[in-house]
Amino acid sequence: MRSDRRLRLWYRTINKKFFQGELPDNVCVRYADEDDVEKDGRQCEDTCFGWADKGEGRHLYQVVISRKKNPALTAILATLVHEMVHVSTDLKDNHGPVFEAKRIVLSNRGIFRKSALVPGLTLF
């Protein structure tokens, strides 16, 4: 699997600016495709905003973003940040206290302030 160039650039920018470079660089960051199917046969892109899981080959993790569920740049970036928090917890805490603590750290670093990533845009 190959990363989407723009998503990869956003991943690196967010990692440097708000995660202080703590996330691994060998992460595949891409949009969902027709091969992303859940166990029950449904398209993941139809049911999930995004997801993170263990990567393959040279990638330690992969972060996948749904184009259908995230039509605007603010939604894409918010989903990417959310999945990056999962990467920062090594996919172990789901949405528990460690996940929430990381999210609060990001908030304190200003990631949810207007224009933090894109002039005039706010992530929620």
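Where does Leu23 lie? Leu23 is in the loop between α1 and β1. The model is predicted, so local features are given only at pLDDT of at least 70 and side-chain atom pairs only at pLDDT 80 or more, while totals for chains, interfaces and linings use all residues. Residues are numbered from 1 along each chain as its sequence is written, and side-chain values use heavy atoms, with hydrogens and water left out. Helices (H or I, at least four residues) and strands (E, at least two) are DSSP runs, numbered from the N terminus.

**The sheet**

- Three strands form an open sheet in the order β1-β3-β2, with mixed pairing; two strands pair if DSSP finds at least two bridges between them.
- β1 and β2 are the edge strands, each pairing on one side only.
- From one strand to the next the twist averages 15°; axes are lines fitted to C-alpha atoms, for helices over the stretch in contact, and angles run from 0 to 180 degrees between N-to-C directions.
- Strand β1 (residues 27-31) and β3 run parallel and are joined by five bridges.
- Along this pairing, Cys28 is opposite Gln62 of β3, and Val29 is opposite Val63 of β3.
- Strand β2 (residues 50-54) and β3 run antiparallel, and five bridges join them as well.
- Asp53 has Gln62 in β3 as its bridge partner.
- The hairpin of β2 and β3 has six residues between the strands, and Gly57 there takes a positive phi near 60°.

**Burial of strand β3**

- Buried means under 20% relative accessible area, exposed means over 50%, and partly exposed is in between (1.4 Å probe, protein chains only).
- Strand β3 (residues 61-65) is largely enclosed by the rest of the structure, because five of its five residues are buried.
- Tyr61, Val63 and Ile65 point one way from β3, Gln62 and Val64 point the other way, and all are buried.

**Helices against the sheet**

- Helix α1 (residues 5-18) lies across β1 and β3 and runs at about 130° to β1.
- Helix α3 packs on the sheet and touches β1, β2 and β3, its direction making about 155° with that of β3; contact means heavy atoms within 4.5 Å.

**Helices α3 and α4**

- Two packed helices are described by the angle between their axes and the distance between the axes.
- For helix α3 (residues 73-88) and helix α4 (residues 97-108), the axes come within 10 Å and cross at roughly 125°.
- The two helices α3 and α4 are therefore oblique to each other; angles under 35 degrees count as roughly parallel, over 145 as roughly antiparallel, 65 to 115 as roughly perpendicular and the rest as oblique.
- The crossing of α3 past α4 is right-handed, and the contact is made by Val81, His82, Val85, His86 and Ser88 of α3 with Phe99, Lys102 and Leu106 of α4.
- A crossing is right-handed if the near helix is turned clockwise from the far one by less than a right angle, and left-handed if anticlockwise.

**Loop residues**

- Leu23 has 6% relative accessibility and so counts as buried.
- Tyr11, Asn15, Met84, Val87 and Ser88 are touched by Leu23, not counting residues up to four places away in sequence.
- Leu23 and Arg12 are eleven residues apart in sequence, and their C-alpha atoms are 8.9 Å apart in space.
- His59 is in the loop between β2 and β3, and at 10% relative accessibility it counts as buried.
- His59 touches Met1, Asn26, Val27 and Cys28, not counting residues up to four places away in sequence.
- Leu91 is in the loop between α3 and α4 and counts as partly exposed, at 28% relative accessibility.
- Leu91 is not a glycine, yet it has a positive phi of about 60°.
- Asn94 is in the loop between α3 and α4, and its phi is near 50°, a positive value in a residue other than glycine.

**Cysteines**

- A disulfide is a pair of cysteine sulfur atoms within 2.5 Å, and by this rule the count is zero.
- Cys28 counts as buried, at 1% relative accessibility.
- Cys48 counts as partly exposed, at 24% relative accessibility.
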